[in-house]
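These are my notebook entries on a few things that I looked up, one after another.

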Amino acid sequence: MSMAYEEYMRQMVKPMREELTRAGFKELLTADEVEDFMENAEGTTLVVVNSVCGCAAGLARPSATQAVLRNEKKPDHLVTVFAGQDKEATAKMREYFTDLEPSSPSMALLKGKEVVHFIPRHDIEGQPMEAIMDNLTSAFDSHC
């Protein structure tokens with residue numbers, strides 16, 4: 001890929017990244033960052049696998065941020081990897097999603113390293129934002 005293309009993509013996805021980081025999500029940009037985080041993970045973690053698609057923009061990111069902001073019970077940690085952009089980080093995170101098909105966007109609630117709740121793309125795409133938020137907040141209430 002050309003440097004111009006890579007710079008264009010970096011600029012294009014910047015607001016997509018910032019939507020989550022402004023809400024308190026920590027970006028894990030490399031496989032090493034994912035491994036360091038996961039090997040030391042304690043408590044609960046919400047992982048958002050970010051994406052450039054429309055359902056990420058209109059549903060996944062706003063649902064995740066609003067569920068965290070509005071619910072009394074919240075995960076201890078909020079992290080994100082960006083599918084298609086930070087490929088090695090995303091691949092490494094998906095190694096922890098045992099027996100789950102890769103899906104982007106998606107959201108996983110973990111206790112330590114164990115996935116206790118997973119929302120794949122097919123449970124995001126075409127759903128009302130409120131339903132996705134309810135899905136997340138129910139998981140928070142059960143596991144956080």
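I began with Ala67, which is buried at a relative accessible area of 0%, where buried means under 20%, exposed over 50% and partly exposed in between, with a 1.4 Å probe and protein chains only. I noted that this is a predicted model, in which local features need pLDDT of at least 70 and side-chain atom pairs count only at pLDDT 80 or more, while totals for chains, interfaces and linings use all residues. Residues are numbered from 1 along each chain as its sequence is written, and side-chain values use heavy atoms, with hydrogens and water left out.

Next I looked for the partners of Ala67 and, not counting residues up to four places away in sequence, found that Ala67 touches Met133, Leu136, Thr137 and Phe140, contact being heavy atoms within 4.5 Å. I also checked Ser138, which is 71 residues from Ala67 along the chain, and the C-alpha atoms of the two are separated by 9.8 Å.

Ala67 lies in helix H3, and helices here are DSSP runs (H or I, at least four residues) numbered from the N terminus. I then compared H3 (residues 54-70) with H1, and their axes come within 9 Å and cross at roughly 25°. H1 is therefore roughly parallel to H3, a term for angles under 35 degrees. The contact joins Met16, Glu19 and Leu20 of H1 to Ala57, Arg61, Pro62 and Thr65 of H3.

Last, I turned to Tyr5, which is found in H1 (residues 3-21) and is partly exposed, with a relative accessible area of 42%.

Terms used
Helix = DSSP H or I, 4+ residues; strand = E, 2+ residues; numbered from the N terminus. Axes fitted to C-alpha atoms, helices over the stretch in contact; angles between N-to-C directions. Parallel < 35°, antiparallel > 145°, perpendicular 65-115°, else oblique.
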